[in-house]
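Thanks for coming, everyone. Before I start talking, please bring up the sequence and the coordinates on your own screens, so that you can follow along as I go.

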Amino acid sequence: MGGGVAPERGFSYPRFADQPVGVPKTSILKSRIEPFYKPGQYDKVNLLANLYNARYSGKPHVRLYVWDAPGQERPTFEEATSKNFKETHVGASFGPSWSTHWFKVILTIPSDIADDELLELQWDANNEGMVWTADGMPLQGLTGGGERIEWVIPKSFRDGKEHTIYIEMACNGMFGNAPGGKTIIAPPDPNKYFRLSKADIVSVNVQARMLLFDMWELGDAARELPENSAEQNHALSVAMKIINTFQVDNQQSILKCRKIAQEIVGPDVDSHRVYEKGKDPVVFGVGNCHIDSCWLWPWDETKRKVARSWSSQCDLMDRYPEATFACSQAQQFKWLKQYYPAAYDRVRRKIEEGQFIPIGGSWVEHDTNMPSGESLVRQFFYGQRFFESEFGSRARTFWLPDTFGYSSQIPQLCRLAGMDRFMTQKLSWNNINNFPHTTFMWVSPDGSQVICHMPPSETYTAEADFGDLKRSISQHKTMQVDSSSLLLFGKGDGGGGPTWQQFEKLRRCAGISNTIGGIPKVKLGYTVDDFFDRLAPKAAEFPTWYGELYFELHRGTYTTQANNKYYNRKSEVMLRDIEQLATIASIKSKSYKYPTEEIDFMWESVLLCQFHDCLPGSSIEMCYDDSDKLYGKVFETGRKLLKELYDVFGVSDARSADSDKSSASAVLNTLPWHRKELVELSDVEVGVACGDGQVLPIRAFRIQQDKPAVTVHESSAEVFVLQNDQLRVVVKKGVITSLYDRVNDREIIEKGGEANKFVIFDDIPLYWQAWDVEVYHLGTRRQLKYGKTKIHEHKPHKVTLVTDITISENSSLKSYITLSASLDGQPSQVDCSAEVDWHEDCKFLKVEFPVDIVNTEASYETAYSITRRPTHYNTSWDMAKFEVCCHKFADLSEHNYGVSILNDSKYGFATAGKMMRLSLLRAPKAPDAHADMGRHEMRWAIFPHKGSLGSTTVKAAYAFNNPLKPCVVGGSGSAVDISSSLSRCPIKLINQDDSESLVLDTVKRGHDDEDVSTGGVRVSPGRSVIVRIYESLGGHSRGTIQTSFNVKRASKVNILEDELCEVAVKDSKIPIKLRPFEVATFKLEL
Ligand SMILES: [Zn+2]
């Protein structure tokens, strides 16, 4: 019989319900779930009461001894463990901020728990730590605040005897040392102390712990799936059954609950086999630990974060075979190799086993807005070479989850570095427009393409929650083509990457999709390449995105930390000079050895400083103390190399202390075209350098008394007129009111406009001070108080006005406006500079140029390209670009005339209508309380030109950044031969088109040449020269490489210097053709 209970007396038919049955309110049932497994009021009666079988703290089972490292020293294991340790205890505090404390921890496992399933040491001091074996093997990292506090005690410790481990404590949290109660980006508190709150041996009730995760995920299904779905209702009823079944302190009830949970999470969640079942993956879970190479802590702490995080991952890979871990930044691998060789070996084994996956192919996760084209090339060159020589293969995926916008040439450079995939997600932070694609084809201006994926969970440090999987579908924007996605999970910045808890959660999410569904199928065990491999067949169907991926946030990073940006530009220029001159020297001189090690050191240092929180200016003050020191070493090395090169060439620096200044007879030049420029040889002497080649002769600058080459006079009170043969500049009360092109009869300044005018804005972004400037700052534009203008210099070849300007009570600046004599056949420009004493709080200093030029787009030099951006605010996408990044110039042109603003160390610019604005200085107070305070010198130039933007601007901007270097020629013997051959220019690029758009940017030696190589994957016999040329204006262009070297064979190579194809050489000439904005590299074998 079925269908009811036995009839009661007096009734003749069966009854179904023997008591009233109602439908409880869903929201109340949902709210019942979390209190079952989360801390709160009911910890003694809920599941938490049964998580541990036993807990032992203090003596005799846990004995603690400590040695405090002095100051901010970070001693090695050997140094630290040789010291005298003194006894300490739980409850003691350690500090101050950034100090290191080593603990000797002597564990004696009580016999009561010796046979228990899982024993852990739980350690929490609310800061970062590393567990070491007694003999110096780093085992795993610890993160305080409950984040990562467990170390699994090995079976060998369960013999009742004493066992020793060491714990190295770093007095900083994951996010440095922000003062308590404040935002994490507040400048660090130097005096923080950390209390050791927990150092316990625990015996874990494994089934209770597993039930907690069962309940967490099926509870999330009950709470987060749509309420009108069968899956949600099913999960909710199972959750209720579990809570009803659980009895505190009753292990049998826990086992029963786990059985009930299987209805939702399935039977396989206790092992990685849960991933072997079910459908194809939709979500590919890959671990990562995004460690900023510096940010709210200095580089030295990063080195330890790397060791801690990656050791933790090696440990977890043993316990969770499904784990794969993607790890970028060759620099961090190199640090681990240098400072933690044992941990590095362990990582290397995990790489061989396929779980630990080097990715990204770059030296660091660098900024892509500000580094020069050549710097971007070297990020890949040094990154891929490191990966190849250490691990036998290169990366195929460029990995930049956190960088602040992506330069248009990245796809081309990726392809030239052997990478056809790109992963980022930062554009999900756009605070204006929602980027429209998840998976798409990103196209460079030369047509090169990479498949780009931005994980729809919109984070690269997911907690691996149920919601992350939901968002992997709900926020996926390209599902018409393919609905799969990456889920990048793991704690970043020293949090150590994925936690065991995250693996447990993901097993249950996979179990849920195997049983009731409702969330996309997640799988682990795949690599990022596996994910992209599956996308590749659909590549042609993905939506395309042409040009830069402009990031609609963090626009202040083009300006913050001006010194660091200045050093970046200067070191790029210096490296270019050194490589070019050293190449020639190493081929011309038998005794000169190409200084590979020093050049590599310089490049690796510059590349490190291009890290995405360093160059952008978003790190704490300590990081800039570090980078200042490193740049100091770069420049010192560079000066030494240049001195050696001068010796080889038989020249000496006319500006060096020991040289006879008046005897300068030539200049050193590294630009690949004819130059004719005024050169100041001393305070009183000036010459004209003219020619092409590396050494240009100087002739006297002829002064015609009756017809001065440049003049200045005060035409009326506070109105000065500066004039040369080409330009007439009127300066009234310190600003340029007229700039007249005498040759082309053209006024450049907007009627009534005031150019080279300094203005200041309030600069109070919504949150990220060092990072952001918001569009509303434009509404706070204020004029500065201009003092008297005076004639500062009045020389036959140059005149200069100076104006004192008051910025505020605390800050001031001196503005210089210079006009030099114009030279026949050479364009003229107005040179401007400023000395600023800057002590402001949340202000932004800019200099304005209202020009009488009309165009809806302005052009900006960017890495190996020109990027055009709107000058109007038609749409939200246009207006979002109210502040943009440029390199050596920004330009506003009509079809027949334009103005370029050149600079030698600035990166922020804006053009709105006819107003061009160069960004000079900001004053954020977080995370560096003193960012940019103090004295600055800066220079720029107003460069009017006939015609639209063309090679005259490109060349003028190069020249502005590469001043000719006066030198004294006077070597002997072979040196003279070499210097005379330099004036014939051993490698030349002849442009075949009138546009002259091909630029010979880099000359270096082949890195694998036997006399150059420092040992690597390959060493090639013979000598070669690498020549990098790019098309600078955006058109198909032709040219010829011409060389006096005896070229046996030539080939086109990629930026890693792998041969792509052989090219014809005839009479030492190589004809070339480039696509618009193509970056082409040639290898000349000698
Ligand atoms: Zn980052």
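I will go through a helix pair, then the aromatic rings, then some backbone details, and finally a few distances.

First, the ground rules: this is a predicted model, in which local features need pLDDT of at least 70, side-chain atom pairs count only at pLDDT 80 or more, and totals for chains, interfaces and linings use all residues. Residues are numbered from 1 along each chain as its sequence is written, and side-chain values use heavy atoms, with hydrogens and water left out.

Let me begin with the helices. Two packed helices are described by the angle between their axes and the distance between the axes. Here helices and strands are DSSP runs, helices being H or I with at least four residues and strands being E with at least two, numbered from the N terminus. The axes are lines fitted to C-alpha atoms, for helices over the stretch in contact, and the angles run from 0 to 180 degrees between N-to-C directions. On that basis, helix α14, residues 562-588, and helix α16, residues 621-649, have axes that come within 10 Å and cross at roughly 25°. Angles under 35 degrees count as roughly parallel, over 145 as roughly antiparallel, 65 to 115 as roughly perpendicular and the rest as oblique, and α14 and α16 are therefore roughly parallel to each other. The crossing of α14 and α16 is left-handed, a label used if the near helix is turned anticlockwise from the far one by less than a right angle, with right-handed used if clockwise. The residues of the contact of α14 with α16 comprise 16 nonpolar, five polar and three charged, where Ala, Val, Leu, Ile, Met, Phe, Trp, Tyr, Cys and Pro count as nonpolar, Asp, Glu, Lys and Arg as charged, and the others, Gly among them, as polar.

Now to the rings. Rings of Phe, Tyr and Trp (its six-membered ring) pair if their centres lie within 6.5 Å, and planes under 30 degrees apart count as stacked, over 60 as edge-to-face and the rest as tilted. By that criterion the structure holds 52 aromatic pairs. In one of them, Phe 381 and Tyr 382, the ring centres are 5.2 Å apart and the planes stand at 85°, so the pair is edge-to-face. For burial, I use buried for under 20% relative accessible area, exposed for over 50% and partly exposed in between, with a 1.4 Å probe and protein chains only. Phe 381 is buried at 1%, and Tyr 382 is buried at 5%. Phe 386 and Phe 387 also form an edge-to-face pair, at 6.4 Å centre to centre with 75° between the planes; Phe 386 is buried at 10% relative accessibility, and Phe 387 is buried at 1%.

What sits over the ring of Trp 429? The charged end of Lys 426 does, 3.2 Å from the ring centre. The charged end of Lys 888 sits over the ring of Tyr 958, 4.1 Å from its centre. A charge sits over a ring here if NZ of Lys or CZ of Arg is within 6 Å of the ring centre and within 35 degrees of the ring normal.

Next, the backbone. The peptide bond from Lys 59 to Pro 60 is cis, with omega near 5°, and Pro 60 lies in the loop between β1 and β2. Gly 95 and Pro 96 are likewise joined by a cis peptide bond, with omega about 0°, and Pro 96 belongs to the loop between β4 and β5. Glu 458, a residue other than glycine, has a positive phi near 60°; Glu 458 is in the loop between β19 and α11 and is partly exposed at 30%. Asp 1067 has a positive phi near 50°, lies in the loop between β54 and β55, and is exposed at 67%.

Finally, some distances. Ser 951, in helix α18, is buried at 12%, and its C-alpha is 6.5 Å from that of Ser 995, 44 residues apart in sequence. Leu 376, in helix α9, is buried at 0%, and the C-alpha atoms of Leu 376 and Trp 335, 41 residues apart along the chain, are separated by 21 Å.
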